[in-house]
Amino acid sequence: MNARFEPGLRLRGRVRPPADKSISHRAAIIGAMASDPVRISNYLDAADTRSTLAAVRELGAIVESHDDDVLIRGCGMRNAQPPAQAVDVGNAGTLMRLLPGWLAFQEGASFTLDGDDSIRGRPVDRIARPLELMGARVEAREGRFAPFTVHGANLHGITYELPVASAQVKSCVLLAGLATDGTTVLEPIATRDHTERMLAGAGARVTRRPSADGGYECTVGNTDELELEHVHVPGDLSSAAFLIAAGVLVPHARLVLDGVGVNWTRTGFLRILARMGAIVVGELEDPGEFHGTEPTCDLDVSYGPIEATTVTADEVPLAIDELPLVALLGCFAEGETVVRGAAELRVKESDRIATVVDGLRGLGADIEALPDGFVVRGGTGLRGGQIDAHGDHRLALLGAVAGLASR
């Protein structure tokens, strides 16, 4: 499918962004682990999140959908049922990496996970390693790719230091840790904490605190059951980010985005924008806060001039999905915008460093790739042209915003 986006002449209004995908995934998985029914309001209806509902159904949960509400009658912590065939995760990387944490303590049972061609190219060794240290066994194609099989076992607690900051790997280990006498994950820098918050809200013993080396230490204790009556999924800041970028870049734009999730571990993009001088107003959560709920607010966005900035490795995990937009913003910002420490972008739905650099260059950007990021020399904007989305939804949305802001 091809789509054409003309330069925006008027961009004004009020909109509610789609529901948060990360929280929707986690609500469905933890809901399936719960002992009593869990109602999820504003659940995201999208291919990836439908894959998660299908997966928990295959494992024994009963799922009822009513408009944007979902009711999950879970099978309990230790009663996941091995399906006759592989659990199909579709294109959902979050599902592929989180679900094994639950399956790893289904003692004596084995579960195979598979997905589409894109998923089969995304490594799972980063979750296999800690699960095996805890006592589970993971057999993967070529040692690190789907399809792979998780053999459940009686797990023991570990202290695991993440080699690379990853909320998905951390979440997998913490879910498995619920069946141990205590498991701690050490992350070199903060990553999104939706799993810890939801587990705390469900009655699990969870602590999260800064560590002496500047990272974070997350610990879960043994949990017999999870009780999570209701989860409201806020608006997805990663989806709202494209609207925010359009509001900043399109002349005379003014947008209000309602009910956006502003968990501080997700607002890295907004902090980068503030440094660039963008006009985005809203009541954000203070960095370091931790509790069992997700904060929301309305964001008021206006057009205005912006300046270049440098994004360093410690900022990347809290803005990983929005970094392609930083490249786009850099085309319009005065000066040189640099992003480093973002090699993770090369193993998303596409190689997002290569595709973003090639795509924006084709629209007139002065941009070059780095092994772990990119450099943009801005101030001239974009003339327009054609961009290939490479089957990656974020690249398609990047092109849509570029079209609105181009000459």
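Let's start at arginine 14, which is exposed, with a relative accessible area of 57%. Here, buried means under 20% relative accessible area, exposed over 50%, and partly exposed in between (1.4 Å probe, protein chains only). Please keep in mind that this is a predicted model, in which local features need pLDDT of at least 70 and side-chain atom pairs count only at pLDDT 80 or more, while totals for chains, interfaces and linings use all residues. Residues are numbered from 1 along each chain as its sequence is written, and side-chain values use heavy atoms, with hydrogens and water left out.

Which residue does arginine 14 meet in a salt bridge? Its partner is aspartate 298, at 3.5 Å from N to O. The two sit in distant parts of the chain, 284 residues apart, with arginine 14 in strand β1 and aspartate 298 in strand β16 (residues 296-302). Strands (E, at least two residues) and helices (H or I, at least four) are DSSP runs numbered from the N terminus. Aspartate 298 is partly exposed, at 39% relative accessible area. A salt bridge here is a side-chain nitrogen of Lys or Arg within 4 Å of a carboxyl oxygen of Asp or Glu, and the whole structure holds 31 of them.

Now let's turn to some buried pairs. Arginine 266 and aspartate 236 are both buried, and their side chains form a salt bridge at 2.9 Å, N to O. Arginine 266 lies in the loop between β14 (254-261) and α8 (268-276) and aspartate 236 in the loop between β13 and α7 (237-249), so this pair ties together parts that are 30 residues apart in sequence. Aspartate 193 and arginine 197 are also buried, and the closest N and O atoms of their salt bridge are 2.9 Å apart. Both belong to a network of salt bridges that also links Lys170, Glu187, Glu196, Arg208 and Glu285.

Is aspartate 20 buried or exposed? With a relative accessible area of 3%, aspartate 20 is buried. The side chain of aspartate 20 reaches the backbone nitrogen of isoleucine 23 at 2.8 Å.

Key:
A polar contact is a pair of N or O atoms within 3.5 Å; within protein, one must be able to donate a hydrogen and the other to accept it, and residues adjacent in sequence count only if both atoms are side-chain atoms.
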